[in-house]
Amino acid sequence: MRQIIPEQETVINCKDRCFLVTSRPGRGKTSVGLWYAERVIKNALLKDSQQVMFLTFSRNAVYQITTASKKLLHDPSVLKRIKISTYHSFMWWLIQTFGRFAALSKSLDLIWDTKARAVLFDVGNNFREHAKQLASRVNGITYECFAPLASELLQTRAIRESLSNLYPFVIVDEFQDTNDDQWEIIKKISENSILCCFADPDQMIHRFRGATDNRLSILEQEKGAKRYALQNTCLRTGEHDLLDFAEAILENNTPKTDPKDRYKSKFLKNYNWPNAISYWLKLTLQQFYADYRKKGLDGAPTIAFAAYSNNSVGLIRQNLMKKSGNNKTQYPCKTLEPDHDETIEDLIIHIANWLSNKSEKDLCLSIKIIGALLAPKDISKASKPIKSMFFPEKLLAGSLPLTHTAKNIVSTLKDYKSDPNTCSDVLMESAILLRDLSAQVKKLKNILESTGFDERISRMLDLAEKCTGVNAYKELCILKSKISNDRQNRCILQRVAPIRGRIATTMHKLKGKEFDYVAVLAMPDEKFYKLGEESEIDGRRLLYVALTRARYDARILYMESAPPPLIAPYL
């Protein structure tokens, strides 16, 4: 039975051209957004060819909103007319659909920064400024190129009118975290559409990505948005101590003795000294499992272990796998939406093309990519032999001397003898060649080992088995297309189901997700914000977001001799 309270009803039936809805977690923002879309569709405010656009940040959030829509909206005819998308997937679709207006290829690939540095070595690492140049040189673009290319396309009135006709209603989730690029895109696609934005100013934690404190007021000033607030009562759970504690940290409220002692007892755990982290992480995990069983819930709980930095996340993984003391049980954790640079796969394909077809273009690009792998991000600081690898044509022609590392790599690649018959054969030969190179260059060996080279080549061989063709080169073309399509689906288009069980991640990646339990590991004197770039309020917001991701319970593990300043008032 659907229960809608007055504040929600007001938003669902809103007739404004542009409006902003604010609330804290657990107040039903997603539900209200979906019910608003349902009202628009059922009241025949759309033509048959039109949809409601629902924009959000992550593919995990797309999954959660889609799952919620199936529970809240039971009419299939309504569900199919709500387009739920991330900014990246929308921009990718825009570039693929209208890219011809900017002389872009119809079949651009997604590439990573390492390959982009290899291709744009002569103009620097600003991929935004050189997005079209990158696309023309290698028929691929990085994530960083999406926004400038999409913005350029949206300068064309015909494209804006086409989008307004296709999406006359645009709903934006987590509006407080939009950066300037996203805001410009939102303005352009909603130029002739009705715009509805949902936001929680207290969850603005992406300042490092360009989010600003005044984004909501900018919406009101530039678009004349009318503001609505949902109710103060949390609808998520009947247990409010955790939410009260999170809001006390956010608002910098020092509570009276009773709640202060209760907060400390329930949510704050002292791990005494670094050597005891493993014991306390495992004890916290066991307490979460016991609480879940006590509640009589089915299946296994979802538990997030979070920390501020990637290094601290690594420490969590290490300590949960440590066999020490009385508890020698190991608890592996999965990764939440892992970020993998897939330049290694591209390198293998280019080497394979060189071996199978003697394509000098692929040989040159292979040399550049290996140079980019070995060089620092600022290529100008690389050694002379590594710098020379960005001029492979000159090295091969003899107009630039081959020395040291460059000589080993170029000579081995150029002189390698191979006569493969199938796609699998040439992939194996490419792997052998790269291992030969890594035996000569220690840094390359370390890179291949740290990026899971064997697992990557194994995945490519699995795909190659499904290829059909009369020779290795043609099969490689088929394989390259499959890898490109697979990459687009995994990294841009595909909805990501929440990981079940235990995960370890940074606190920022918890945003927009829900878990049964959350444990935050605080390092000594942890600030939870970046000094010089952020302020204390950013740390409070981040801690608030992390704690409110938990449905049932949460912990902050700290060292009493050097506690985080934000929790010191509660100790």
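How many aromatic pairs does the rule count here? The count comes to 22 aromatic pairs, where rings of Phe, Tyr and Trp (its six-membered ring) pair if their centres lie within 6.5 Å, and planes under 30 degrees apart count as stacked, over 60 as edge-to-face and the rest as tilted.

Before I go on: this is a predicted model, in which local features need pLDDT of at least 70, side-chain atom pairs count only at pLDDT 80 or more, and totals for chains, interfaces and linings use all residues. Residues are numbered from 1 along each chain as its sequence is written, and side-chain values use heavy atoms, with hydrogens and water left out.

Back to the rings. Phe98 and Phe101 form a tilted pair, with 6.3 Å from centre to centre and 40° between the planes. Phe98 is buried, at a relative accessible area of 10%, while Phe101 is partly exposed, at 48%. Buried here is under 20% relative accessible area, exposed is over 50%, and partly exposed is in between (1.4 Å probe, protein chains only). Both rings belong to one aromatic cluster, formed by Phe90, Trp93, Phe98, Phe101 and Tyr167.

Now the domains. The assignment, automatic or from a database, gives domain 1 (6-97 + 146-229), domain 2 (240-336 + 499-570) and domain 3 (342-492). The C-alpha centres of domain 1 and domain 2 lie 32 Å apart.

What do domain 1 and domain 2 bury between them? The figure is about 1,600 Å², 45% of it on carbon and sulfur atoms; buried area is the accessible area (1.4 Å probe) that two parts lose on being put together, summed over both. In domain 1, Arg24, Ile205 and Arg207 lose the most area to domain 2, together 34% of what that side buries.

Between these two domains there are seven salt bridges, each a side-chain nitrogen of Lys or Arg within 4 Å of a carboxyl oxygen of Asp or Glu. Separately, the side chains of Asp177 and Lys511 meet in a salt bridge at 2.2 Å, N to O.
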